[in-house]
Amino acid sequence: MRYLITGASGMLGRDLQDALAGREVTALGRADLDVTDLDAVRAAVAGHDAVINAAAYTKVDDAETDEEAAFAVNATGPRNLAIAARETGAKLVTISTDYVFDGFATSPYAEDTTRDPINAYGRTKAAGEEAAIAEHPDGTYVVRTAWLYGAHGPNFAATMVRLSASHDTLSVVTDQLGQPTWTKDLAERIVALLDADAPAGVYHGTNAGITSWHGFTRAIFEELDLDPERVLETDSSTFARPAPRPAYSVLGHDGWARAGLPPLRDWREALHDAVEQGAVAPAAPARS
């Protein structure tokens, strides 16, 4: 198998490269491949058996006023990659998001739940899913994920650790629920999905369980031997943002069972290992 990773310099892209160590991999970052350029995409995909698309426009708030730019990367990009993969007979894994749902549910979203995004970013990602599946229905895997953290990029966990060094307390919302997901776990499961020659379709790539951002932060503090009582409760009304956030981002994992694969492990177990392996590390001491 010859693999192409797009968005390879990002947090997930870096862990995908590690998960594919020892295999024949072409890793292209944003500077190496413009996924909105179909001719460039065709040239890049040629000669590969599997394409993993981790390229994305992820500035959720900016997308509210620049949806066209977000659409180009998040919708046109997957469409182009699907066209090129279909033409060459390659499989395509494209990474999507919980934001394709409205966040009003009270039980985990199934893979076949109707898309109903509530912000521009979600609309562009939903369009990307639809376009990729339409162009390459027999070879496209949509892997939705959420609440990503890892060693190789800015993320919520790293921000909380950094703030812990400069703030006595942190106020974190309790009214948004989801599944913190370690990019290393996700990368390894994507590789397993391809290795298993699983059926094409939609899969939910989040660590199991459920918590709030507040609960996640307390768990981070506990793992790093910081006082979790420093993490205070608040709600979303205290953090006004241009783009509304889904209040409930819990994804169901039945797709893995249908493919004969186990779902990702519990988020708390993953966080413990992420700390043990240095993917979530204590804040560096301030310089004097």
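## Strand β3 and its neighbours

Strands β1 and β3 are paired in the parallel sense, with 4 bridges between them. In this pairing Thr 6 stands opposite Asn 53 of β3. The model is a predicted one. Strand β3 is also joined to β4 by 4 bridges, and these two strands run parallel. Here Ile 52 has Val 93 of β4 opposite it. Between β3 and β4 the chain passes through α3, and this β-α-β crossover is right-handed.

The side chains of β3 divide between two directions: Ala 50 and Ile 52 point one way, Val 51 and Asn 53 the other way, and all are buried.

## The sheet as a whole

The strands belong to an open sheet of 6 strands in the order β2-β1-β3-β4-β5-β10, with parallel pairing. The edge strands, each pairing on one side only, are β2 (residues 24-28) and β10. From one strand to the next, the twist averages 20 degrees.

Arg 2 has Glu 24 in β2 as its bridge partner. Helix α6 packs on the sheet and touches β1, β3, β4, β5 and β10, and its direction makes about 160 degrees with that of β5. Helix α3 (residues 67-88) lies across β1, β3, β4 and β5, and runs at about 165 degrees to β4.

## Ile 5 in strand β1

Ile 5 is placed in strand β1, and stands opposite Ala 27 in β2. The chain goes from β1 through α1 to β2 in a β-α-β crossover that is right-handed.

Is Ile 5 buried or exposed? Its relative accessible area is 0%, so Ile 5 is buried. Neighbours within four places in sequence aside, Ile 5 is in contact with Gly 13, Leu 16, Gln 17, Leu 20, Val 25, Thr 26, Ala 27, Leu 28 and Ile 52. Two of the residues named there, Gly 13 and Leu 16, are among the buried residues of helix α1, and Ile 52 is one of the buried residues of β3. As for distance along the chain, Ile 5 and Asp 266 are separated by 261 residues in sequence and by 26 Å in space, taken C-alpha to C-alpha.

## Helix α1 and its cover

Helix α1 spans residues 11-19, and its buried residues are Met 11, Leu 12, Gly 13, Asp 15 and Leu 16. What covers these buried residues? The cover includes the strands β1 (2-6), β3 (50-53), β4 (91-97) and β6 (148-149), together with helix α6 (183-195).

## The α3/α4 pair

Helix α3 packs against helix α4 (residues 120-135) at an angle of about 15 degrees, and the two axes are 8 Å apart. Angles under 35 degrees count as roughly parallel, and α3 and α4 are therefore roughly parallel to each other. The crossing of α3 past α4 is right-handed.

Residues of α3 that meet α4 include Ala 70, Phe 71, Ala 75, Pro 78, Ala 82 and Ile 83. On the α4 side, the residues involved include Tyr 121, Ala 127, Gly 128, Ala 131 and Ala 132.

## Two residues with positive phi

Most residues other than glycine have a negative phi. Trp 147 has a phi near 50 degrees, a positive value in a residue other than glycine. Trp 147 lies in the loop between β5 (140-145) and β6. At 10% relative accessibility, Trp 147 counts as buried, because buried means under 20%.

Asp 197, also not a glycine, has a positive phi of about 50 degrees. Asp 197 is found in the loop between α6 and β10 (201-204). With a relative accessibility of 53%, Asp 197 counts as exposed, because the cut-off for exposed is over 50%.

## Thr 217 in helix α7

Thr 217 is located in helix α7, which covers residues 213-223. Thr 217 counts as buried, at 0% relative accessibility. Not counting residues up to four places away in sequence, Thr 217 touches Phe 156, Met 160, Val 172 and Val 231.

Technical notes. Residues numbered from 1 in each chain as written. Predicted model: local features only at pLDDT ≥ 70, side-chain atom pairs only at ≥ 80, totals over all residues. Heavy atoms only, no water. Buried < 20%, exposed > 50% of the residue type's maximum accessible area, 1.4 Å probe, protein only. Contact = heavy atoms within 4.5 Å. Pairing = 2+ DSSP bridges. Axes fitted to C-alpha atoms, helices over the stretch in contact; angles between N-to-C directions. Right-handed = clockwise from strand over helix to strand, strands pointing away. Parallel < 35°, antiparallel > 145°, perpendicular 65-115°, else oblique. Left-handed = near helix turned anticlockwise from the far one by under 90°.
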